[in-house]
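This report describes selected side-chain pairings and one packing site. Please consult the sequence and the structure shown below while reading.

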Amino acid sequence: MVKFFDREVSLVKLQVITWLFVTILTFASYLQNADFGYALVFTVINMLSMLAVIYGNACFLLPALYFKGRRLTYLLATVLLLGTICFIRVELRSYFHELYVRGADQSTSFQVYASIMTSLIINYLFSFIFRLALDYFKVRKDQKQLKEYTSKVELDLLKAQVQPHFLFNTLNNIYYVAQRESPQTAKLIEKLANIMRYFVDEASKGLGKLPTDI
């Protein structure tokens, strides 16, 4: 959870808000130089590739390979991930460019691959920041849960101390009243108080034996 305009926002909601914002900006940038259909298609392609790189590395490759010491496998998997996504984007770009523009793309294959791979590498680098953010929020969540648990334990301990206090006070009051009316009853109450005091003060510590005068 994180504060957002004085409200608690979960990590999932924060991600949804962020990606919606990025999607709108991407769509608006395409819409400046192309029609609605072209802008929509290429926004979807770019966003899907961006999500695949960022989440693929941050949520799968890093924890499954890199963090487990499989560095070479991680490197090969990263190259395969970027290369596959780059190839798919180039093919989709060529197809939809001819469909919407009604003409072949004037850019060379090298220029197209270089441009798309550059953007994917930037997304890949951003995925490390994203992974740090995920770990940070996880630590914050664990700290909050630990704090709540600690507060609960402290409250339970306080209740355990307060409740016997009121109980013994009540028994003392009954004892003094019974002592005037029925001394025998007062003795029984005194023995009961001694037994309870033993279990509260001594038995919980594992010290001593049950008093012989109880």
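Met50 is located in helix 2 (residues 36-64); helices (H or I, at least four residues) are DSSP runs numbered from the N terminus. The model is predicted: local features need pLDDT of at least 70 and side-chain atom pairs count only at pLDDT 80 or more, while totals for chains, interfaces and linings use all residues. Residues are numbered from 1 along each chain as its sequence is written, and side-chain values use heavy atoms, with hydrogens and water left out.

Met50 counts as buried, at 17% relative accessibility (buried means under 20% relative accessible area, exposed over 50%, partly exposed in between; 1.4 Å probe, protein chains only). Leaving aside residues up to four places away in sequence, Met50 touches Trp19, Val22 and Asn123, where contact means heavy atoms within 4.5 Å. Between Met50 and Asn123 the sequence separation is 73 residues, and the C-alpha to C-alpha distance is 6.2 Å.

Side chains of opposite charge can pair when their charged atoms come close. A salt bridge is defined as a side-chain nitrogen of Lys or Arg within 4 Å of a carboxyl oxygen of Asp or Glu, and by this rule there are two salt bridges.

| Salt bridge | N to O distance |
|---|---|
| Arg131 with Asp135 | 3.1 Å |
| Asp142 with Lys138 | 3.2 Å |

Arg131 and Asp135 both lie in helix 4 (residues 109-181), four residues apart, about one turn of the helix. Arg131 is buried at 18% relative accessible area, whereas Asp135 is partly exposed at 29%. Asp142 and Lys138 also lie in helix 4, four residues apart. Of this pair, Asp142 is partly exposed, with a value of 35%, and Lys138 is exposed, with 51%.

Notes
Helices (H or I, at least four residues) and strands (E, at least two) are DSSP runs, numbered from the N terminus.
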